[in-house]
Amino acid sequence: MKILVCITHVPDTTSKIQFTDNNTKFDKNGVQFIIGPYDDYALARAVELKEQLGASLTALNVGEAETEPTLRKALAIGADDAIRVNSFPKDSLFVAQQIAAIAKQNNYDLILMGRESIDFNGGMVHGMVGELLDMPSVSPVMKLEIDGETVKMAREIEGGKEYLEAKLPLVAGCQEPIAEWKIPNMRGIMSARTKPLQVVEPMEDSNATEVVSYQLPPAKGTVKLVDKDHVEELVKLLKNEAKVL
């Protein structure tokens, strides 16, 4: 079995976000980057499946040279090799096209990724990859087991869980509690230095979208405390100022 895990290179959630060039570019200065948290769940489950099934595991990222330390961390956690598509991830369609191109070349049985990245939170790539490869795509997957050619899954739906099965090959967008995050040990860190990391050029894309500008969320306003006995005043504030009623 061949497993592909697609990981994102995203700012740590504690990073202070700023933009430059009239709010058209993200300012990377002083920002620490990590594997996307949902991708970490996908990677952890992929490592478990690799150990259970004797599978091969490849980590993939669409990004420029600065993302290689993130890929090396995936190698330290348990991936056998890594591929970096040498391009800035322009949008979801572009990323999906690159993943699909690599998948077609290597015939992976299972493609795992996070349900969404934590920078743009689009949650679209897994569905696009499934469509481009003519494979079933399921998300958000909370449990995933493989029995022969059958994948048994549980996914979150509104108001509960849905249990379903699909045949390999398959694309899955993962979230907790599919597996526990894995921390690379010293042996893994040392071995990651010599594991193969292939850099490939991107396939042509259609430039479907373009970022016009970014905008930070509004600053938090002041807090108003209302006595528990003044319900009418609270309702008035919620209606006229907060505008949530």
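Modeller: Gladly. Let us start with one residue. Setting aside neighbours within four places in sequence, Leu144 is in contact with Arg45, Leu49, Leu110, Leu112, Val151, Lys152, Met153, Ala172 and Ile178.

Colleague: Which residues have the most contacts inside the largest nonpolar core?

Modeller: They are Val5, Leu110, Leu112 and Leu144, in a core of 39 residues. Several elements each supply at least two residues, among them β1 (2-6), α2 (68-77), β8 (110-114) and β9 (137-147). Helix α1 gives the most, with 8 residues.

Colleague: How do you know how far to trust the coordinates?

Modeller: This is a predicted model. The chain averages a pLDDT of 91, and 99% of the residues score at least 70. Where pLDDT is low, the predicted coordinates should not be read in detail.

Colleague: What makes up the chain, in helices and strands?

Modeller: There are 6 helices and 13 strands. The C-alpha trace spans about 65 × 45 × 40 Å along its principal axes. Of the 245 residues, 41% are buried.

Colleague: What about Leu225: why is it called buried or exposed?

Modeller: Leu225 has a relative accessible area of 81%. Exposed means over 50%. So Leu225 is exposed. The residue lies in the loop between β13 (197-200) and α6 (231-240). From Leu225 to Glu162 is 42 Å, C-alpha to C-alpha, and the two are 63 residues apart in sequence.

Colleague: Which residues form a nonpolar patch on the surface?

Modeller: Val231, Val235, Val244 and Leu245 do, with about 390 Å² of accessible area together. Val231 belongs to helix α6.

Colleague: Which residues of α2 are buried?

Modeller: In α2 the buried residues are Thr70, Leu71, Ala74, Leu75, Ala76 and Ile77. Just after this helix, Gly78 takes a positive phi of about 155°.

Colleague: What makes Asp147 and Lys152 a salt bridge?

Modeller: Their side chains meet at 3.8 Å, N to O. A salt bridge needs a side-chain nitrogen of Lys or Arg within 4 Å of a carboxyl oxygen of Asp or Glu. The pair therefore qualifies as a salt bridge. Asp147 is partly exposed at 49%. Lys152 is partly exposed too, at 38%.

Colleague: Why does the pair of Glu241 and Lys224 tie parts of the chain together?

Modeller: Glu241 lies in the segment after α6 and Lys224 in the loop between β13 and α6, so the pair ties together parts that are 17 residues apart in sequence. Their side chains meet at 2.8 Å, N to O. Salt bridges that share partners also join Arg45, Glu48, Glu145 and Lys182 into one network.

Colleague: How many salt bridges are there in the whole structure?

Modeller: The search finds 11. Another one of them joins Glu116 and Arg115, with the closest N and O atoms 3.7 Å apart.

Colleague: What makes the peptide bond from Leu168 to Pro169 cis or trans?

Modeller: Omega is near 0°, and the bond is cis. Pro169 lies in the loop between β11 (160-167) and β12. A cis peptide bond also joins Glu176 and Pro177, with omega about 5°. Pro177 is in the loop between β12 and α5 (186-192).

Colleague: Where is Asn107, and what is its phi?

Modeller: Asn107 is in the loop between α3 (92-106) and β8. Its phi is near 55°, a positive value in a residue other than glycine. At 57% relative accessible area, against a cut-off of over 50%, Asn107 is exposed. Asp21 also has a positive phi, about 50°, and is not a glycine. Asp21 lies in the loop between β3 (19-20) and β4. With 46% relative accessible area, Asp21 is partly exposed.

Technical notes
Residues are numbered from 1 along each chain as its sequence is written. This is a predicted model: local features need pLDDT of at least 70, side-chain atom pairs count only at pLDDT 80 or more; totals for chains, interfaces and linings use all residues. Side-chain values use heavy atoms; hydrogens and water are left out. A nonpolar core is a set of buried Ala, Val, Leu, Ile, Met, Phe, Trp, Tyr and Cys residues joined through side-chain atoms within 4.5 Å. Buried means under 20% relative accessible area, exposed over 50%, partly exposed in between (1.4 Å probe, protein chains only). Helices (H or I, at least four residues) and strands (E, at least two) are DSSP runs, numbered from the N terminus. Contact means heavy atoms within 4.5 Å. pLDDT is the predictor's confidence in each residue, from 0 to 100. Patches are made of residues with over 30% relative accessible area and no salt bridge: like charges are joined within 9 Å, nonpolar side chains (Val, Leu, Ile, Met, Phe, Trp, Tyr) within 5 Å. Accessible areas come from the Shrake-Rupley method with a 1.4 Å probe; for residues, only the protein chains shown count as cover.
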